[in-house]
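This report looks at how two chains meet. Please view the sequence and the structure first.

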Amino acid sequence: MTALVLLEIENGAVRQASRSAVAAASAFGSVDVLVLGAGAEAAARLPGVARVRHAESLSDSIAESASALLASIAAEYTHIISAATANGKNILPRLAGLLDVQPIPDVIAIQDADTFVRPIYAGNALATVRSSDNIKVLTVRGANFDPVASEGGSASIEAIALDTSATIPSVEEISVNLSTSERPELESARVVLSGGRGLKDAANFKLLDPIADKLGAAIGASRAAVDSGFAPNEMQVGQTGKIVAPELYVAVGLSGAIQHLAGMKDSRVIVAINIDPEAPIFRVADYGLVADLFTVLPELEQAL
Amino acid sequence: MKVLVPVKRVIDYNVKIRVKADGSGVETSGVKMSLNPFDENAIEEAVRLKERGDASEIVAVSIGPQAAQEVLRTALAMGVDRAILVTTDEAVEPLGIAKALKEIVLTEKPDLVILGKQAIDDDMNATGQMLAGLLGWGQGTFASEVVIENENAKVTREVDGGLETVQLKLPAIVTADLRLNEPRYASLPNIMKARKKPLTTLSIADLNVDVAPRLTVVSVAEPAARQAGAVLGSVEELIEKLRNEAKVI
């Protein structure tokens with residue numbers, strides 16, 4: 001059995017979520033990786049990778065060409081895997097459509113080559129499913145697999161190209177508008193500090209900054225905070241945003257709706273700071289403070 | 001321009017679901033069902049395209065039990081022109097749904113198909129992409145803005161680090177993110193009018209596609225419950241616990 005992992009490269013390094021996908025793929029035997037665009041050298045240094053297949057002219061943000069390329073080499077593999085990131089979720093189901101297989105998204109555990117565990121209903125149930133497809137197309141949740149190291153391997157790199165006779169629908173990238181942040185990436189941060197509607201406005205959301213700095217934390221947000229314009233969309237934690245499982249998750253002024261809990265309830269330690277003792281977040285919190293966040297946050301900043 | 005909006009009937013998002021004791025699935029009998037929230041965003045966007053003069057007709061389609069006609073009536077009350085119900089008593093996976101939708105697309109010939117980005121029951125996030133692959137159309141997934149101009153759809157997408165804008169040649173597939181719009185409520189007069197709008201029913205067998213499931217559900221279980229935590233009295237106590245008990249800071 002050989003697995004192929006579609007990697008994502010960011011600033012010349014393999015994203016942590018992709019390194020988790022490589023770790024998951026090693027359960028199936030030999031692992032090849034595919035790199036679209038720059039970054040094949042970083043991929044070749046991942047331990048446990050047999051070979052890097054490199055399509056320099058393609059971009060992983062264009063699912064149409066990426067899935068066509070994957071489909072052209074899919075027959076060589078038993079499993080095709082990516083991290084359950086925005087790109088993975090964009091590309092792999094399209095590939096599955098091309099291959100006539102049912103994809104298995106957001107896998108959190110691998111039981112054997114055909115059997116996988118995945119959350120359904122916003123993480124309120126775990127389904128174990130067995131696939132009868134010849135090629136398994138899956139995305140894996142990074143938080144559930146320890147990533148392989150960035151260094152230590154020496155895989156061979158070989159170039160591949162998309163067959164130019166393939167018909168690819170016309171899609172053009174017009175602009176990319178990424179947030180710039182000095183903070184750790186939300187999905188891989190050791191500590192996450194999240195704010196909700198209780199912060200009342202965007203200016204107050206900044207109260208989280210000095211505490212995040214002291215903890216080396218990434219900042220997250222509830223959907224309510226994002227919808228109210230306190231924080232940008234990509235900071236949303238939950239069923240429809242990012243799924244995180246840090247060592248420490250601090251929820252400030254957020255009630256803990258089912259959809260939010262779906263994104264953070266696998267965190268090791270959860271702290272809730274909320275003025276409402278009935279808030280559902282206290283049902284999952286290891287430590288709770290029933291208090292006004294506007295008094296607690298300055299005290300916390302002082303104490304750290 | 002004609003727009004097709006596939007919609008799904010799911011357990012209402014506010015319901016705290018219960019796993020069946022025998023581990024065969026989730027209890028659905030006697031549970032409140034609703035239109036999948038992302039599909040509401042998809043319908044709203046189609047209706048806005050029509051209000052802007054970009055779309056001339058909106059057709060909603062749902063594949064599921066007879067009861068799925070309720071969610072089609074909701075779609076009609078929101079401004080959809082007509083609806084198609086494809087009945088099946090079996091649970092159909094996204095692959096089967098995408099194949100069935102492909103047949104509907106080939107018959108209806110829409111210029112744009114807008115779906116929700118995922119259904120909140122199976123959380124698959126796959127049908128739109130699979131349909132795009134099967135049709136060989138471009139896809140604009142996780143859309144937070146859609147602009148139609150000169151036979152193209154300019155779609156702003158929510159990606160991990162921020163936003164990305166792509167231009168797709170029509171016909172194309174778009175999947176709606178929550179941020180795309182604020183879905184309207186159907187007014188009582190519109191709910192009444194929706195009862196008179198056309199709804200055609202066909203059986204999934206009529207589409208002649210293979211919808212046999214590829215995944216067998218071995219079991220469905222509750223996730224491990226977290227241990228109840230402690231409510232603390234002060235920030236000092238919190239810091240002390242985090243340092244010495246949990247050892248996370």
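The model is predicted, so local features need pLDDT of at least 70 and side-chain atom pairs count only at pLDDT 80 or more, while totals for chains, interfaces and linings use all residues. Residues are numbered from 1 along each chain as its sequence is written, chains are lettered from A in the order in which they are written, and side-chain values use heavy atoms, without hydrogens and water.

| Item between chain B and chain A | Value |
|---|---|
| Residues from chain B in contact (heavy atoms within 4.5 Å) | 77 residues |
| Residues from chain A in contact | 82 residues |
| Salt bridges | six salt bridges |

The buried area, meaning accessible area (1.4 Å probe) lost on putting the two parts together and summed over both, is about 6600 Å². Carbon and sulfur atoms give 54% of this area. In chain B, Asp160(B), Arg214(B) and Arg226(B) lose the most area to chain A, together 12% of what that side buries.

Arg226(B) also forms a salt bridge with Asp286(A) through their side chains, at 2.8 Å from N to O. The term requires a side-chain nitrogen of Lys or Arg within 4 Å of a carboxyl oxygen of Asp or Glu.

Strand 18 of chain A (residues 287-290) runs parallel to strand 13 of chain B, joined by three bridges. Strands here are DSSP runs (E, at least two residues) numbered from the N terminus, and two of them pair if DSSP finds at least two bridges between them. Within this pairing, Gly288(A) stands opposite Val231(B).

Definitions and conventions
Helix = DSSP H or I, 4+ residues; strand = E, 2+ residues; numbered from the N terminus.
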